[in-house]
Structures are given as C-alpha cells and as structure tokens.
Amino acid sequence: MEAKSIIKGSAYPIRRSNIDTDQILPAKWMKRVERTGYENGLFEIWREDSSFIFNDPMRSQASIIVAGENFGCGSSRQHAVWALRDFGIKAVISSSIADIHRGNLPQEGVLPVELDQDVVELIMAATEANPKVEIEIDVTNRTVTCREAGVFATPFRIDNASHFNLIHGYDPIDVTLTFNKSIEQHESSRDPWLPKCGPEFV
Amino acid sequence: MASPRTLIDKIWESRLIDSKPEGDLIYIDLHLFNEVTSPQAFEGLKLKGRKVRRPELCMATADHDVPTGKLELRLIDEIADKQLRFQQMYCKQYGIEHYPMSSSGNGIIHVLGPEKGLTQPGMTIVCGDSHTATHGAFGAVAFGIGTSQVEHVLATQTLRLSRPKTMSVTLTGTPHSDATAKDLALAVINTLGTDGGTGHLIEFRGEVVHNLSMEGRMTLCNMAIEAGARSGLVAPDETTFAYLKEKERSPKGPLWDLAVAYWRSLATDPGAQFDNEIEIDVTGLSPMVTWGVNPAQSVPVGSKIPSPESFETKSERDATIAALSYMDLEPGISVSDIPIHTVFIGSCTNGRLEDLEAAARVLSGRKVATSVRALVVPGSASIKRAAERLGIDKVFSEAGFEWRSPGCSMCVGMNGDVVPPGKHSASTSNRNFEGRQGPGARTHLVSPETAAATAVLGRIASPSDLPPINKKEGK
Ligand code: SF4
C-alpha cells in the first residue's frame with residue numbers, strides 16, 4: 001500500500017448517528033468473491049432518495065465523509081470499506097467509529113479520523129453550508145484543518161497500529177512475519193489441551 | 001505478590017508475543033470462517049504466495065448464503081453458488097476442516113464452535129464476523145475481524161492490535177421470571193447505548209449472569225457487539241465445565257483435570273481494576289422488544305413507543321425520528337398494537353436447542369395466528385436432529401411454524417429468506433437495522449418465548465399475555 005501523508009478534499013456531510021455497515025453496503029453485495037467493483041453498492045438504498053447528499057451534483061468531487069457518532073457499527077464486513085474506497089472516499093470523520101470498521105478502513109488506505117463531537121459539528125455545519133469547503137488532513141502529524149469551520153491543525157485520534165502502517169505504507173503481514181521467531185516460541189509452549197481442527201473430524 | 005488481574009488481562013497476557021507502541025501482537029488459538037468474509041482473504045494469501053500457517057487451528061462452515069427451505073436446497077443465485085464453491089476449494093487446498101451446505105456437521109459458525117467443544121475458556125478466537133463475541137460466554141477473548149485481518153491470521157496466526165480497554169458490567173437484582181437472557185442483553189444495550197462499549201471488552205458479572213445456562217450466556221455475549229464492544233465474556237465456572245465435559249473436542253483424561261484447574265484460575269482476582277465499571281439493576285426486568293432501527297431502541301413488551309422529545313440529546317432525538325419514520329410507527333402507541341406479519345426463531349443469538357425448547361413450550365397446544373408467517377431455523381444440523389429426536393419439530397409444525405434447515409436465514413436476508421417490504425417481523429436475531437431482514441423490512445427483536453407468543457396472537461406479546469389452553473392435551 002502507498003504511504004499516506006496528506007489527504008485533502010471536500011465532503012459529504014451525513015448528519016446521522018449509528019450508520020451501520022448494512023447501510024454502507026447492503027448484505028446482497030457480500031455474495032461477491034472479488035475485492036473491487038463495490039462502488040455502486042455504497043449507500044445503495046439511501047442513494048435511491050434523490051435528496052440524499054451523495055446525489056448532490058455540487059459534491060461530485062467530494063472524497064471525505066463527515067458523519068454522526070458510531071459510524072460503521074454492526075457487521076464486520078470489510079466489503080463496506082471496499083465500497084467506500086471504490087467510490088473514491090479517502091477519509092471518514094466522526095466523533096466515534098465502531099471498533100471493527102475503524103480497524104478495517106486503513107487496511108484499504110481509507111483514513112479513520114476521530115475528533116471531539118464539537119469539532120465534528122463545526123466541520124459538519126461548514127460543509128453543509130458550502131459544498132466546496134475543503135478539509136485538509138495531515139496524516140503524519142494526525143491533525144485536521146478546515147478553515148471555513150474555524151478548525152486549525154486540530155489533533156485527531158487514530159489507533160497507533162493503523163497510523164504506523166498508513167504512514168509507512170507497510171503491509172502488516174510482512175511486518176508481523178519479522179516476528180516469526182517469537183511466534184514459533186509461543187507455539188512451542190501452548191497448553192497441551194488446546195483443541196485441534198482438521199478435515200479428519202468432518 | 002503479583003497485582004490482581006481481570007479475566008481479560010489474564011487471557012490477553014498469556015497470548016502476548018510482542019508489545020510495541022503501535023499495538024500488541026497476540027496469538028490466535030482458533031480461527032473460524034464463514035463463506036462471505038473469507039474468499040478475498042484466501043485469494044490475497046495465494047496472490048502473495050503465502051501459506052496458511054496453522055490449518056489445524058481453522059474451521060469453516062457455510063451459513064450466510066445457504067437456503068433453509070425444507071424440500072429442496074437450492075441456492076438463490078449464481079454468485080452465492082460461486083462463493084460456496086470458492087470456500088470449498090480453498091478449504092480443500094489448504095486442508096481446513098469444512099462443513100459445506102447440507103452436510104451433517106453444517107450450521108452457523110458461532111453455534112458450531114461451542115457444540116463441537118472447540119470453544120474453550122482462556123482461548124483467543126477470531127472470525128470474520130462481528131458475532132464472534134458469542135464464544136466469550138466460555139471465558140474466551142473472542143472477537144470479529146475484517147477480511148484483511150482474516151488474511152493476516154491465516155498467514156501468521158497472530159494479530160497486531162491496540163489493547164482493548166476492560167469494562168465490568170455487573171447485573172444485580174432479580175429479573176421477572178418471564179425474562180430471558182435475550183431480555184437481559186436488550187436491557188444492557190439499552191443502558192449502554194449502541195456505542196457504550198466501544199474500544200472495550202466487557203466482562204459480564206454477578207449472580208444473574210452466572211445463573212444463566214451456557215446457552216443463555218452465549219445469547220448475552222453474542223449481543224455485546226450491539227453495545228459497540230469488541231466482545232463480552234463470562235468467567236468460566238461449574239456450568240461451563242459441565243457443558244464442556246464430554247464434548248467432541250474437549251480435553252480428555254488427565255488433560256481434562258489440568259485444563260479445568262487452569263480454567264478455574266482465570267476468574268478475575270478480587271480487587272482487580274477495570275478501566276470502566278458499571279452496575280445495572282435488573283430487578284423486575286420483563287420481556288423486551290425493540291421498536292427502532294438499532295438494538296438499543298427497546299422497551300418492555302406492553303409499553304408505549306417513546307416520543308423523540310423524551311430523549312436528552314439532539315442526536316438521540318434525531319435518531320428516534322428517523323427510526324419511527326422507517327418503522328412507520330407513531331410515538332405513544334403500545335408496541336403490542338403493532339401487527340406482526342413474520343415471526344423468525346433462529347440465528348446465532350437464539351437458534352440453539354434450549355431456545356427451540358423454550359419456544360416449543362409456549363407453542364405446545366397452540367396455533368400460529370392465520371395472519372402470521374412463522375419459521376423456525378435450527379442453528380445447526382445437529383440441533384435439528386436433536387430437536388427431531390425430542391419431537392420438538394412436531395410441536396412447531398402442528399402450531400403452524402415452518403420447520404427448516406440450518407443457516408443464518410432471516411437474520412441477514414441474503415439467502416432467500418426475507419421479510420416482505422413494509423411488513424413487521426418479530427425476530428430472535430440480533431440486528432434490527434434498516435433492511436437487515438430484506439429491503440424495507442421492519443424488525444422487532446425479541447426472545448424465543450416472546451416470538452412464540454407473538455406468533456400465536458399476531459401482535460407483540462409475551463407468554464404471560466396468552467390465554468390459558470383449555471384443550472385436554474394442552475400442557
Ligand atoms: S445468524 Fe446472523 S448474526 Fe449470526 S452469523 Fe449468521 S448472519 Fe451473522
């Protein structure tokens with residue numbers, strides 16, 4: 001994955017809390033075995049409503065979602081992140097992003113940005129008022145700037161592990177494989193009663 | 001002396017391989033798969049030329065896509081068919097234990113782990129599915145992961161994670177005798193909110209919790225994710241050991257005694273600190289039902305639907321307005337007045353034998369209302385067989401329920417089993433999200449007992465709302 005340092009763009013403000021992954025990408029899309037081609041599934045049901053923000057022609061270039069709290073709750077489906085990524089979303093701003101989704105977003109290079117609710121509110125209001133308002137996210141230094149909202153280099157929260165892989169563009173598996181010795185050591189001392197699986201049990 | 005530790009700390013530290021500012025590297029003892037979140041992970045592994053590190057710690061089943069109709073098991077479409085073929089192919093290629101559709105060992109992944117004895121105290125268990133929390137009932141750290149993490153575990157048998165915070169949720173008091181584990185779960189989520197547990201692993205504590213059967217504990221832990229928590233756990237005790245004894249994959253002989261001694265040592269030490277501790281008094285708690293589009297939006301059966309103004313924060317008020325509009329409900333009406341079209345008993349929350357028995361007790365000698373379509377879907381093929389041995393299938397069929405084959409069925413609406421658009425369902429599953437049970441479906445989450453009573457009356461009702469049976473053969 002490419003290393004990330006700055007993300008810049010206009011926004012889709014969605015003033016709604018608890019946006020679950022079934023809304024981000026309906027379950028029927030989970031039957032596919034591919035990793036790409038999910039853009040048409042993004043908010044598929046909500047997009048049927050012509051007044052939904054994703055249908056605003058003034059925002060066709062937007063690349064950042066600003067949403068209410070507990071974004072991405074529910075199902076663990078990483079397909080939801082594939083849909084965001086394929087649609088061109090680069091970052092999600094919310095006061096809280098649900099645990100599994102927060103871990104899934106950076107796997108596809110989409111930045112999870114958690115800010116205090118009052119800061120999210122400022123950005124939300126500014127981007128609602130003007131579709132062209134720009135948000136600039138300094139990934140390396142973990143800050144957000146949105147001039148029109150009066151937000152200047154405000155620090156955001158992100159898990160250290162996600163941040164580390166994003167800014168370096170590392171493949172987490174490659175990083176972990178460098179710990180092979182320690183993993184082997186753990187494996188040699190596992191409790192003898194721990195269960196085993198295998199085709200022979202079927 | 002070592003400082004007192006929680007159950008969660010003890011498990012986490014025993015699996016810790018490396019600790020860095022960017023997270024802890026922990027070993028995974030069991031990796032479970034369904035067919036929908038793993039194909040891309042296997043493909044990724046193959047593209048990079050990597051191997052499955054520990055196929056003997058992996059188990060797979062097909063549950064989300066599989067049709068559950070009785071006579072003819074046919075897939076609803078070609079893409080699902082391809083997905084199942086991919087799973088079969090990869091499992092074969094890598095030597096992974098796999099229970100394909102219609103096989104005698106098939107079932108919902110979170111039902112299979114425990115019933116085969118694969119889920120044991122002290123383990124770390126992951127699956128590309130948020131309801132992996134279910135396995136926490138045994139005192140295991142069990143949580144859902146995304147597809148990239150599935151690939152990571154396949155390749156390394158580990159995960160690098162920020163250490164979750166610990167939360168103790170102690171249930172006190174005595175609930176009403178009609179209240180079930182499902183009602184406790186809904187009450188806990190109602191109190192914590194949908195994100196009250198975010199970033200945490202929850203240990204459920206207190207006598208009410210330890211009085212629950214293993215099935216009840218699984219129902220409770222299953223829904224911890226609906227409060228935003230990674231998972232819920234219950235410390236292993238005699239109930240846990242009795243459940244595990246003689247299970248196919250449980251330790252045998254001298255290993256059993258060693259294991260039990262270790263499992264006993266896992267309980268949270270007196271005086272151990274949690275990052276967060278809350279107590280919920282469940283005195284008098286009665287059967288619960290959701291009225292909205294997230295599992296926190298619930299009230300006791302028989303009460304009124306709240307008005308948006310009754311909530312404190314603007315975001316809750318907005319959420320209530322949106323929910324009532326989707327559900328087409330008016331504040332102030334009684335939940336008991338909502339006409340129910342579909343009743344679904346099943347899922348990894350409430351599709352185990354004990355759940356089916358409880359619903360059957362309510363249904364025995366009664367009939368499903370003519371306006372209702374009711375279906376019961378056992379959580380696994382072995383539960384289906386066990387229920388048939390006990391004659392429970394007859395109780396359901398005679399009452400007017402469809403007796404179906406195992407799978408996720410109407411919990412997720414991607415296998416052909418759906419609630420028609422605009423109709424209300426009473427469902428023993430775990431999510432009442434918009435469209436979860438099919439486009440436009442309006443879901444009310446309830447316990448199996450409430451689902452059964454609701455099927456009989458055609459409106460949301462608890463067993464105590466049912467008129468007594470006069471027929472002689474009625475029990
Ligand atoms: S029954 Fe429902 S919640 Fe459980 S694994 Fe299947 S789809 Fe997920």
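This is a predicted model: local features need pLDDT of at least 70, side-chain atom pairs count only at pLDDT 80 or more; totals for chains, interfaces and linings use all residues.
Colleague: How many residues does chain B bring to the contact with chain A?

Modeller: The contact draws on both chains. Chain A supplies 61 residues. From chain B come 86 residues.

Colleague: About how much area do chain B and chain A bury between them?

Modeller: The size of an interface is often given as the accessible area lost when the parts come together. Here, 56% of the buried area lies on carbon and sulfur atoms. The area that chain B and chain A bury between them is about 5900 Å².

Colleague: Which residue of chain A forms a salt bridge with B:Arg53?

Modeller: Across the interface of chain B and chain A, 10 salt bridges are found. A salt bridge requires a side-chain nitrogen of Lys or Arg within 4 Å of a carboxyl oxygen of Asp or Glu. For B:Arg53 the closest N and O atoms are 2.9 Å apart, and the partner is A:Glu187.

Colleague: What is the volume of the largest cavity?

Modeller: The structure holds 5 cavities of 30 Å³ or more. The largest cavity is lined by 23 residues, with B:His64 and B:Asp129 among those nearest its centre. Its lining has 7 nonpolar, 11 polar and 5 charged residues. The volume of the largest cavity is about 190 Å³.

Colleague: Which helix of chain B gives the most to the lining of the second largest cavity?

Modeller: The second largest cavity has a volume of about 130 Å³. Its lining comprises 14 residues, and those nearest its centre include A:Arg16 and B:Val293. With 3 residues, the helix that gives the most to this lining is α11 (residues 314-327) of chain B.

Definitions and conventions:
Residues are numbered from 1 along each chain as its sequence is written. Chains are lettered from A and ligands numbered from 1 in the order in which they are written. Side-chain values use heavy atoms; hydrogens and water are left out. Contact means heavy atoms within 4.5 Å. Buried area is the accessible area (1.4 Å probe) that two parts lose on being put together, summed over both. On a 1 Å grid over the protein atoms alone, a cavity is a set of points where a 1.4 Å probe fits but cannot get out, and a pocket is an open set with protein on both sides within 12 Å along at least five of seven lines; lining residues have an atom within 4 Å of a point. Grid points are joined across faces, edges and corners, and a volume is the space filled by probe spheres set on the points. Ala, Val, Leu, Ile, Met, Phe, Trp, Tyr, Cys and Pro count as nonpolar, Asp, Glu, Lys and Arg as charged, and the others, Gly among them, as polar. Helices (H or I, at least four residues) and strands (E, at least two) are DSSP runs, numbered from the N terminus.
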